[in-house]
Amino acid sequence: MADPTVAVVGATGLVGRELLGVLEQRGFPIGDLRLYSSLRTAGEGLSCGKHVPVVQVLDGASFDDVDLVFLAAGEQVAAEWIGRLEQSPAVVIDCSQLFADDPDVPLVVPEVNASDLADFRLRGIVASPDPATIALAVALNPIRENAGLQRVVATSIEPASGIGRAGIEELQRQTVDLMQGRSPEHTSFPHRIAFNLFPQIGELLAGGSSKGEAATAASLRRVLDHPDLVASITRVRAPLFFGQALSIFVETVEPMAAEEVSAVLRSAPGLVVPEGLEGGTYPTPADVVGEDATFVGRIRVDAALGTIDLWTVVDSVRKGAAVNAVQIAELLVRDHF
């Protein structure tokens with residue numbers, strides 16, 4: 001087909017802006033580009049390669065002549081617009097998590113389950129998982145393929161930017177307040193975020209898990225095609241602006257030696273295992289901001305017990321959202337349009 005007409009809903013948000021940068025950097029073919037946002041940020045001119053469209057107000061938008069829509073807004077906006085989008089000919093790539101548990105919508109991490117994209121025609125929608133699911137799936141899939149998985153226990157340490165610009169601004173404001181001896185207020189988070197940690201992403205559910213933790217565990221099972229996987233996830237908000245880290249404990253079906261684990265991870269698509277691990281080299285969230293890959297370090301193996309410990313970091317806005325969505329689009333254009 002000719003270069004597709006592309007629309008980005010939520011173009012002025014953190015993920016929307018990152019999407020435009022990734023589309024340009026990866027040379028994604030775009031025939032025409034439409035950008036949409038709320039009234040508050042409409043009118044801004046954003047560039048993507050040769051395209052410099054003015055951001056339009058989403059209210060009243062038509063997608064009848066659009067081929068591909070990146071839905072980079074939140075769940076509320078996605079829920080409000082998905083009915084109209086489904087009535088248009090456009091294929092939707094949704095980053096909002098609205099469809100994470102919808103069996104008729106493929107939930108895709110291209111390094112892991114790209115073949116699931118064949119089902120996108122059921123509703124014309126493909127879902128991109130949350131950053132924790134993406135990092136876990138990319139890191140665990142090579143182990144699953146070589147030794148099988150029995151149980152995964154992971155703690156995800158997540159940045160303020162996980163809720164968008166409001167989270168960044170609250171962390172900035174609270175940091176200044178504390179440094180100047182003032183008592184900071186919190187409006188965007190359930191607790192103070194500056195110089196603090198709290199284990200809650202989303203509302204708390206009956207049984208003790210948060211909505212975000214339950215969603216990540218369910219999404220991980222879907223992406224890995226492992227419905228019986230025992231997965232315990234703790235998601236922690238931390239005073240980071242960008243970058244996300246996960247401490248992962250894995251029980252495998254078959255034991256793996258430490259050298260085998262390192263070799264398998266180094267050869268896996270989308271993963272980077274820094275050289276010199278024996279000398280104490282390991283990645284941190286600050287190291288991977290702006291990177292497209294998922295990074296792994298601190299690999300510890302107990303072959304007798306069949307357990308593996310990993311430290312994994314990822315840019316949550318980039319690979320955790322924008323890059324994954326663009327990779328999905330690349331595969332759709334190459335194999336399915």
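Me: How many bridges join S4 to strand S5, residues 91-94?
Reply: This is a predicted model. In it, S4 and S5 run parallel. One of the pairings sets Leu 68 against its bridge partner in S5, Val 91. The number of bridges joining S4 to S5 is four.

Me: Which residue in S4 is the bridge partner of Ala 7?
Reply: Strand S1 covers residues 5-9 and pairs with S4. That pairing is parallel, over four bridges. The bridge partner of Ala 7 in S4 is Val 69.

Me: Are the side chains on the two faces of strand S4 buried or exposed?
Reply: In a regular strand, side chains alternate between the two faces of the sheet. On one side of S4 are Leu 68 and Phe 70, and on the other are Val 69 and Leu 71. Both faces are covered, and all four of these residues are buried.

Me: What is the handedness of the β-α-β unit made by S4, helix H2 and S5?
Reply: The helix of the unit, H2, spans residues 75-87. The strands it joins, S4 and S5, run parallel. The β-α-β unit is right-handed.

Me: How many residues apart are Phe 63 and Trp 81, which link distant parts of the chain?
Reply: Phe 63 sits in the loop between strand S3 (56-57) and S4. Trp 81 belongs to helix H2.

Me: Are Phe 63 and Trp 81 buried or exposed?
Reply: The cut-off for burial is under 20% relative accessible area. Phe 63 has 4%. Trp 81 has 2%. Both values fall under the cut-off, so Phe 63 and Trp 81 are buried.

Me: Which residue lies over the face of Trp 81?
Reply: Trp 81 forms one aromatic cluster with Tyr 36 and Phe 63. Over the face of its ring, at 3.9 Å from the ring centre, lies Arg 84.

Me: Which strands stand at the edges of the open sheet of six strands?
Reply: The order in this sheet is S8-S7-S9-S12-S11-S10, with mixed pairing. An edge strand here has a single partner strand, so one side is left without a neighbour in the sheet. The edge strands are S8 (230-237) and S10 (271-272).

Me: Which residue in S11 stands opposite Leu 271?
Reply: S10 and strand S11 (residues 294-302) pair in the parallel sense. Two bridges make up this pairing. Opposite Leu 271 stands Thr 294.

Me: At about what angle does helix H4 run to S9?
Reply: Helix H4 spans residues 131-147. Among the strands it lies across are S7 (149-158), S9 (244-252) and S12 (307-314). Its angle to S9 is about 30°.

Me: Is Val 250 buried or exposed?
Reply: Val 250 is found in strand S9. Its contacts beyond four places in sequence include Leu 140, Arg 151 and Ile 308. At 0% relative accessibility, Val 250 counts as buried.

Me: What relative accessible area does Gly 31 have?
Reply: Gly 31 lies in the loop between helix H1 (14-25) and strand S2 (32-37). Beyond its neighbours within four places, Gly 31 is in contact with Asp 3, Pro 4 and His 51. Gly 31 is partly exposed, at 40%.

Terms used
Residues numbered from 1 in each chain as written. Predicted model: local features only at pLDDT ≥ 70, side-chain atom pairs only at ≥ 80, totals over all residues. Heavy atoms only, no water. Buried < 20%, exposed > 50% of the residue type's maximum accessible area, 1.4 Å probe, protein only. Pairing = 2+ DSSP bridges. Right-handed = clockwise from strand over helix to strand, strands pointing away. Phe/Tyr/Trp six-rings, centres within 6.5 Å; stacked < 30°, edge-to-face > 60°. Lys NZ or Arg CZ within 6 Å of the ring centre and 35° of its normal. Contact = heavy atoms within 4.5 Å. Axes fitted to C-alpha atoms, helices over the stretch in contact; angles between N-to-C directions.
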